[in-house]
Every structure is written in structure tokens, then in C-alpha cells.
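Here is a friendly tour of a protein model to read with the structure open beside you.

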Amino acid sequence: MVLFVGALLFGAVILLGILFTRRLAVPMADLEKGMGEIEKLAEISVRKHSFQEAEILAENYNKMIFRIRGLMKEIAQKEETLHQAQLNALVSQINPHFLYNTLDTIVWMAEFNDSAKVIALTKSLAAFFRLSLNGGRELVTAADELEHVRQYLYIQKERYGDKLSYEIRVPEEFLDYTVPKIILQPIVENSIYHGIKPMEGLGRILVTAREEGEYLIFMVEDNGAGFAPASLKDGRCVRKGSVGLKNVEERLKLYYGQDCGISIVSSPGAGCTVKLMLKKHVVHRETE
């Protein structure tokens, strides 16, 4: 009888032990699995009828995940605001000397009663600034960006006369791509003031574009004075007067990442070639 009762009690203890272990082990396994995948920021759910302590632990963990999600969203919003502020500050850095010089040219033409050129140049200047503002949008079509630089070159051609010639050759299928605005004009401006203006003879500027996989490549080439490779640092111009280049470089990296930006090839007396690398798939065309 004693042996029978002892065996019965022993069996009951084993059964209770198994039930207790399962009730504790299963929710602990759920917690361990959920916490092991914390990088996914997934909430944990424990099975019903588990220990109250396990349920409290899971609830506190889920509150922590919810708070982390909120903080990450807040950080992302702040980064986006900072990103936009940086872009706005960079876009606003337009050389005021261009406006002064253009108005001076218009006045000079007016003094010589060249009304046709005054009208044409004034219209071109208006179109240039209309495209610069572009309704406050930071992103424009490649067609608008090329028209912007075309108006700029037309105005400069009126100023420099036979000393400057230019050509823009971009395939029509590229014109609908979306690009950050005012990325070509600072490059062309740099070519004129630091490449063509100091040289003797006719200066030429060529603007082209091509595709390389996921990238859209713009090229601005001139036959100007050029400069020594020592003036380059990591492919970027660091000489005096290169603010426009640095501006465009920073904006491209803000939009597309560190693998995009500007690279420059130049040598004294051999002109300069500036390559702008953009990603086609990062920014989509804006709608009105």
C-alpha cells in the first residue's frame, strides 16, 4: 500500500513538473525568439494561460518596441527637415554677379539703341530666373534644366560675342528624367570664368548626356585654360572660385548618396571636362 501511494505521488509530482515546465518554458521561448529578432522591431505575443510574470515582461517589451518605433520616426522626420534645409541653403547660393553683369549688358545695348537685342536678352533673363525658381520645386525635368543652362549660355554669348560658342547635345529620351535644379549652370559658369575668359581665341563649351546602367551622366566640356591636377582633391576642384562646383557636389551627394557627385579631368592649356553622376531611379518626376 505504501509503495502504491508513493508511486502515485511520484507520478503526480512528475506530471505537475511537466505541466509547470511547459507553462513556463513555452512563453519564455516566445520571449527569447522575439528578443532575438529585435532589429525587426516586431512585437512579442505570448500564449494564453502562461505565467503572469511572462505576460508582464512581454507587455513591457512591446511598450519599449513601440517607443523605439516612435523615436525612429521622429529622427527620420528631423533628418528629412535638415536635409531639405541644407538643399534650400545650397540652391539659394546663386552668383549675384551674373545678374549685375547681365543688367549692365542690357543697359549698354540700350545706350546703343539696339532694341532688338535688349528685348531678346531681357526675355532670356526672365526665362532664366523663371526656370531657377520653378515654382519652389527642388526637382525639375532634364528638359527644364537644359533650357535653364541654354538661357544662361545665350546671355553669356551676348556678353562675350565671338569669344564664346556653345552646343548642347542631349538625346530626347533623357529629357523626361527628373534631376535637381541648377546643377549645370554653375558648372558652365565655372568653365566660362575660369577656363574661357583667361584664354586667347575662341572658347567652346559642349554639354552632353549619356546613360550608364542606373546612372545618368552629364558632361560639360570646354577648351579653356584648364588647370594643374594639383588643384584637384579627390576629383574635386579646390582652387579659388570653385564654390559653384562644391555646391553642386554637395547637393548631388545629399540627393543620391556618396557614390554620386562630380569628377573633373583637366590639365593646363587642355581645357576641362566635368562629369556629373546622378542616379536615375532615386528621384521620380514630380507632378504638378
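The notes below go from the whole chain to its sheet, its helices and a few single residues.

This is a predicted model, in which local features need pLDDT of at least 70 and side-chain atom pairs count only at pLDDT 80 or more, while totals for chains, interfaces and linings use all residues. Residues are numbered from 1 along each chain as its sequence is written, and side-chain values use heavy atoms, with hydrogens and water left out.

**The whole chain**

- The protein chain has 7 helices and 9 strands; helices (H or I, at least four residues) and strands (E, at least two) are DSSP runs, numbered from the N terminus.
- Of its 288 residues, 38% count as buried. Buried means under 20% relative accessible area, exposed means over 50%, and partly exposed lies in between (1.4 Å probe, protein chains only).
- The accessible surface of the protein chain comes to about 17100 Å², and 60% of that belongs to carbon and sulfur atoms. These areas come from the Shrake-Rupley method with a 1.4 Å probe, and for residues only the protein chains shown count as cover.
- Among contacts in the protein chain with a separation of 6 or more, 69% come from residues 24 or more positions apart. Contact means heavy atoms within 4.5 Å.

**The sheet**

- An open sheet is formed by 5 strands in the order β2-β4-β5-β9-β8, and the pairing is mixed. Two strands pair if DSSP finds at least two bridges between them.
- The edge strands are β2 (164-169) and β8, each of which pairs on one side only.
- On average, neighbouring strands of this sheet are turned by 15° against each other, direction ignored. Axes are lines fitted to C-alpha atoms, for helices over the stretch in contact, and angles run from 0 to 180 degrees between N-to-C directions.
- Helix α5 (residues 142-160) packs on the sheet and touches β2, β4 (203-212) and β5, with a direction about 165° from that of β2.
- Helix α6 (residues 185-196) also packs on the sheet, touching β2, β4, β5, β8 and β9. The direction of α6 makes about 145° with that of β4.
- Strand β5 (residues 215-222) pairs with β9 in the antiparallel sense over 8 bridges, and Asp222 stands opposite Cys272 in β9.
- Strands β8 (residues 261-266) and β9 (residues 272-279) are antiparallel too, over 6 bridges, and Gly261 stands opposite Met277 in β9.
- The hairpin of β8 and β9 has 5 residues between the strands, and there Gly269 takes a positive phi near 80°.

- The 19 residues of helix α4 (residues 115-133) should span 27 Å at 1.5 Å a residue, and the end C-alpha atoms are 27 Å apart, which agrees. The expected span is 1.5 Å times one less than the number of residues.
- The 19 residues of α5 should also span 27 Å, and its end C-alpha atoms are 26 Å apart, which agrees.
- The buried residues of α4 include Val118, Leu121, Leu125 and Phe128; those of α5 include Leu146, Val149, Leu153 and Tyr160.
- An α-helix has 3.6 residues a turn, so residues three or four places apart point the same way.
- Asn134 follows α4 with a positive phi near 50°, and Gly161 follows α5 with a positive phi near 60°.

- Thr105 lies in helix α3 (residues 96-111) and counts as buried because its relative accessible area is 10%.
- The side chain of Thr105 reaches the backbone oxygen of Asn101 at 2.9 Å.
- Leaving aside neighbours within four places in sequence, Thr105 is in contact with Leu121 and Arg159.
- Ser132, in helix α4, counts as buried because its relative accessibility is 5%.
- A polar atom of the Ser132 side chain lies 2.9 Å from the backbone oxygen of Phe128.
- With neighbours within four places in sequence left aside, Ser132 is in contact with His148, Lys181 and Ile182.

**Positive phi in loops**

- Most residues other than glycine have a negative phi.
- Asn113, in the loop between α3 and α4, has a positive phi near 55° and is exposed, with a relative accessible area of 68%.
- Ile182, in the loop between β3 (178-180) and α6, has a positive phi of about 55° and is buried, with a relative accessible area of 6%.

Notes. Polar contact = N/O pair within 3.5 Å; in protein donor to acceptor, adjacent residues only side chain to side chain.
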